[in-house]
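Let's take a walk through a protein chain, starting with one residue and then stepping back. Have a look at the picture first.

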Amino acid sequence: MNQWSPSDWLYHAEGGKHAIFRYRPSAAENSNCLAEEHIAGHVLRIPKHDLALSYAVFGNTSADDNAALATDHEVSYALEQDTKSYLFQRDVVQPLLGQRYLDLPRSVVLPPVFCAQLYQQAIASGDIPSSRLQSWRIEGSEIKSTSNNYATSKGVKATLLRDHTTLIKHPRFPDQPMAKHNVISVEIKPKAGYITSSPLVSPKNRCKYNRTRYSLQQQLMHLGHVQKGWRAKIDQYAEIQNSKPFTPSNYSPLDLFSGNISQIQTALTDLSNHMQNNFRVFSNETQIFGEDISPLEGESKDILDTLVRQCRSIASNKHDENRSADTILLDFICSVVSKVLHREELLRNLLSMQLLDVIDGDGAIRVYERLVYLCDGSNSKAEELLDEAMLFVDKELTEQPKPPRLRGNNLAISPYALPNCSILHNLIEEMDSFQSHPENVMNSSNEVCIQLVDQLSQEGCVYLLQNWLLSLAMCDVSFFVTFQCLADDQCTVEECQSIHDGGMMHYDVETEEEAPRTRPMIHYEVKVVDCDAKPAKKLRSRTKVEDVFQFLT
């Protein structure tokens with residue numbers, strides 16, 4: 001058991017369903033946490049629903065009880081092998097994405113009383129965006145129906161993760177004083193880096209053949225057909241309002257995943273121009289750029305001054321009077337990150353996993369309906385079958401040659417075994433040969449594929465949906481690129497990131513001065529987060545998600 005104090009965990013960020021708390025002992029020399037060596041430099045990822053329910057059950061306490069809440073609580077580490085998230089990331093995602101890019105999660109079990117205090121602290125901090133407050137609330141009826149069982153539960157399951165806004169010292173520079181070197185971290189949501197080519201796209205949604213899903217969603221948001229949680233402002237009457245007109249982003253995931261360094265930098269610049277919920281920058285663990293977030297007055301200049309001392313090659317840009325310090329800093333950050341992403345394999349690996357989507361969301365709806373039919377009309381039975389199948393990987397598959405029908409196919413890298421289903425094989429061949437024009441060809445191929453879907457076996461349905469759900473998860477990840485300038489002109493050895501250590505590269509910039517070009521060293525690390533499997537239950541509401549594209553066709 002480990003003793004943790006709620007006061008040592010501060011609200012940091014959140015997504016749609018989870019909140020992130022960063023470990024920050026209230027006093028380094030007097031920290032109440034007895035297991036600091038295991039949690040320093042880490043964050044807790046906790047379902048907001050469980051936080052709200054914990055507070056609903058334990059939050060209305062007396063003064064004496066409140067004093068008890070602030071004391072240390074026993075926290076236990078769950079058996080990693082028992083968590084579905086751990087198995088999915090270890091057995092399915094990590095081998096394809098690259099072990100060096102994904103740190104496996106560690107599960108912990110938190111006392112509900114501990115979570116109640118975290119909830120209270122987060123709400124009182126005022127740091128929760130107004131657009132997210134609604135997701136911290138639960139209905140009174142749910143409180144009444146679950147409070148008795150919840151009070152005696154074994155605890156709240158959460159995840160302990162590395163804080164990727166920090167950087168671990170590189171073994172080649174063990175004496176490098178980290179505190180004197182500005183650590184920059186960029187969090188990016190890359191989105192789907194491909195345009196669908198599936199013949200199963202519904203005729204009413206064929207705008208999908210022309211643009212990326214991200215581009216289409218930007219236009220739908222601009223037209224008011226799609227509302228994202230990070231933009232909605234919920235008032236006391238639960239009415240949704242927008243704080244300002246929505247400006248679509250020019251960002252193209254195709255540029256980011258292109259493999260061309262110039263296009264990668266263009267993508268990052270476009271993201272930084274309209275950050276939305278997809279681009280955030282941290283300096284020494286504090287966020288300085290994001291949607292409606294910018295550095296304090298003089299902060300960018302201070303950061304640039306520090307970087308210039310470490311990285312003389314940006315000095316000439318720093319003194320450009322026609323550009324603000326914020327712009328110069330962002331340009332430098334985007335330049336470094338583009339070089340890192342170009343030399344690492346992350347984007348290539350991630351795109352290959354995204355391309356496991358060979359049926360599109362429209363096709364997933366039809367295949368899911370077929371699976372439900374084969375499961376005696378039971379949605380729950382079909383979803384349970386799928387959720388279990390997502391964790392099952394044929395570990396001998398990588399040692400066997402791929403069936404001829406999969407060679408050169410996007411499904412060739414699938415971690416799931418191809419079932420012996422002739423209808424599925426015919427469907428894969430039909431999808432492989434599909435060309436998205438002219439219209440009569442699209443109609444004909446769509447009809448043929450629908451007929452084949454309606455004849456699929458249960459195993460065939462599961463296989464297609466396994467790969468689609470894996471792709472969906474990979475289209476929704478985030479990754480951090482964290483770096484610092486070491487300015488070590490004596491070092492000439494570059495290396496890519498390994499399992500245990502970050503990468504090292506020189507950052508070359510031509511200066512207008514006559515002095516020789518400087519070659520500062522960049523120490524970096526690239527890590528992916530939010531790799532949980534998507535629950536099959538999402539398929540129940542998928543029709544509503546996909547039908548919105550008809551407004552653009």
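Does Arg542 count as buried or exposed? With a relative accessibility of 11%, Arg542 counts as buried, because buried means under 20% relative accessible area, exposed over 50% and partly exposed in between (1.4 Å probe, protein chains only).

## Before we go on

This is a predicted model, where local features need pLDDT of at least 70 and side-chain atom pairs count only at pLDDT 80 or more, while totals for chains, interfaces and linings use all residues. Residues are numbered from 1 along each chain as its sequence is written, and side-chain values use heavy atoms, with hydrogens and water left out.

## More about Arg542

You'll find Arg542 in helix H19, which covers residues 542-547. Helices (H or I, at least four residues) and strands (E, at least two) are DSSP runs, numbered from the N terminus.

The side chains of Arg542 and Glu546 are joined by a polar contact of 2.9 Å. That term stands for a pair of N or O atoms within 3.5 Å; within protein, one must be able to donate a hydrogen and the other to accept it, and residues adjacent in sequence count only if both atoms are side-chain atoms. Leaving out residues up to four places away in sequence, Arg542 touches Arg213, Gly361, Ile365, Trp468 and Leu472. Contact here means heavy atoms within 4.5 Å.

## A serine in helix H12

Now for Ser335, which sits in helix H12 (residues 325-343). Ser335 is buried, and its relative accessible area is 9%. Which residues does Ser335 touch, not counting those up to four places away in sequence? They are Gln265 and Tyr507.

## Helix H4 and its kink

Helix H4 has 14 residues (84-97), so at 1.5 Å a residue it should span 20 Å; the C-alpha atoms at its ends are 18 Å apart, which agrees. The expected span is 1.5 Å times one less than the number of residues. H4 has a kink of about 35 degrees centred on Arg90, where the bend is the angle between axes fitted to the seven residues ending there and the seven starting there.

Buried residues of H4 include Tyr86, Leu87, Phe88 and Leu97. Among the elements covering the buried residues of H4 are helix H13 (346-354), helix H18 (458-474) and strand E15 (521-529). After H4 comes Gly98, with a positive phi near 115 degrees.

## The whole chain

Stepping back, the chain has 19 helices and 15 strands. Of its 553 residues, 50% count as buried. Among contacts between residues at least 6 apart in sequence, 76% join residues at least 24 apart.
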